[in-house]
Amino acid sequence: AREAALAAIAGAADLDQLKQVRLAHAGDRSPLALANREIGALPPAARKEAGQRVGRARGEVNQALAARQAELEVEHEERMLVEETVDVTLPTDRLPQGSRHPITLMSEHIADLFVGLGWEVAEGPVVEAEWLNFDALNLGPDHPARTMQDTFWTEPAENHVVLRTHTSPVQARTMLTREPPIYVICPGRVFRTDEYDATHSPMFHQVEGLVVDRGITMAHLKGTLDHVAEQLFGEGISTRFRPSYFPFTEPSAEVDLRCFVCRGAEPAVASCRTCRGEGWIEWGGCGVVNPRVLTACGVDSDTYTGFAFGMGIDRAFMFHSGAASMRDFFEGDVRYSSAFGTEL
Ligand code: PHE
């Protein structure tokens, strides 16, 4: 039994095996333990000698167990040190860094230009009261121009809530809550039931501007927009003001930018995919604030006049970057955004 135990101990390859060996050869039911128990049954003369032999054997086995245990523990530790070594020079699974959307960058860039002129940034909700989106802006219920704006209505209809079709309701919100002089800019999302194509999307971005002060004229409007266009698109950019109509401004104009692709070459480049030979791209609408709007929003129209404009931010960005299609803006592919970095 002693030889068998010592051989098994030497053969134990790891701590688990040694545990089994200990149970089998030194446990309560091991041959040596049984032998120890049988000593009492021997004739007294034989007991002493048998007791010494069994005792010695058990001692040797226990010693061998302890020695092997120590050996295996050292081995185990060494193996762990090797196996669990961390190679700090290996590349890590880096999380890809997110990126700011170029339209966000453009919005902030435009807002910064106006803040630089001393204007403030105003905000309004995208889910808007019909009254603020239309009525306050001289677009009464039966006004024909209401149908010009392809509106998303929310249910139930009797709540009179729309997805704002332009940022102009922020004009009304501002006049209702602030006293003139007012110089505010409001960039934001707007919604229209437009088909989705290269230059249209049912959700797009506008930046609204509103000035209400004493003695404000169309000249201030023109000067401001020309200055900002130059800041945005570089010196030498041409703008064009075309007479137009908006119920909330009088007189009204539409502002065009020189086409950034064909640059309005003469004779006209009819094949230009961006302006289709027009030489100009529409940027937005503007005008002198209609006194009826001032009155509806609680501003004294005898004392104050103002100007307002609403420009397309997506268009401005297309112009700025030469992007051919608006679609890439809203597909949510981070690879598109990351190409523009963190600043325009
Ligand atoms: N709200 C108009 C539009 O979306 C633009 C505009 C704003 C025109 C302010 C005049 C004054 O088309």
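Trainee: Does I103 count as buried or exposed, and at what relative accessibility?

Mentor: I103 counts as buried, because its relative accessibility is 2% (buried is under 20% relative accessible area, exposed over 50%, partly exposed in between, with a 1.4 Å probe and protein chains only). Keep in mind that this is a predicted model, where local features need pLDDT of at least 70, side-chain atom pairs count only at pLDDT 80 or more, and totals for chains, interfaces and linings use all residues. Residues are numbered from 1 along each chain as its sequence is written, and side-chain values use heavy atoms, leaving out hydrogens and water.

So where does I103 sit? You'll find I103 in helix α5, residues 102-115 (helices are DSSP runs of H or I with at least four residues, strands are E runs of at least two, numbered from the N terminus).

For contrast, look at E75 in helix α4, residues 44-83. E75 counts as partly exposed because its relative accessibility is 37%.

Now slide over to strand β4, residues 182-191, where seven of the 10 residues are buried. β4 runs parallel to strand β1, residues 120-121, with two bridges joining them (a pair needs at least two DSSP bridges). Within that pairing, I185 of β4 stands opposite V121. With strand β5, residues 203-213, β4 pairs in the antiparallel sense over 10 bridges, and there R189 has H205 of β5 as its bridge partner.
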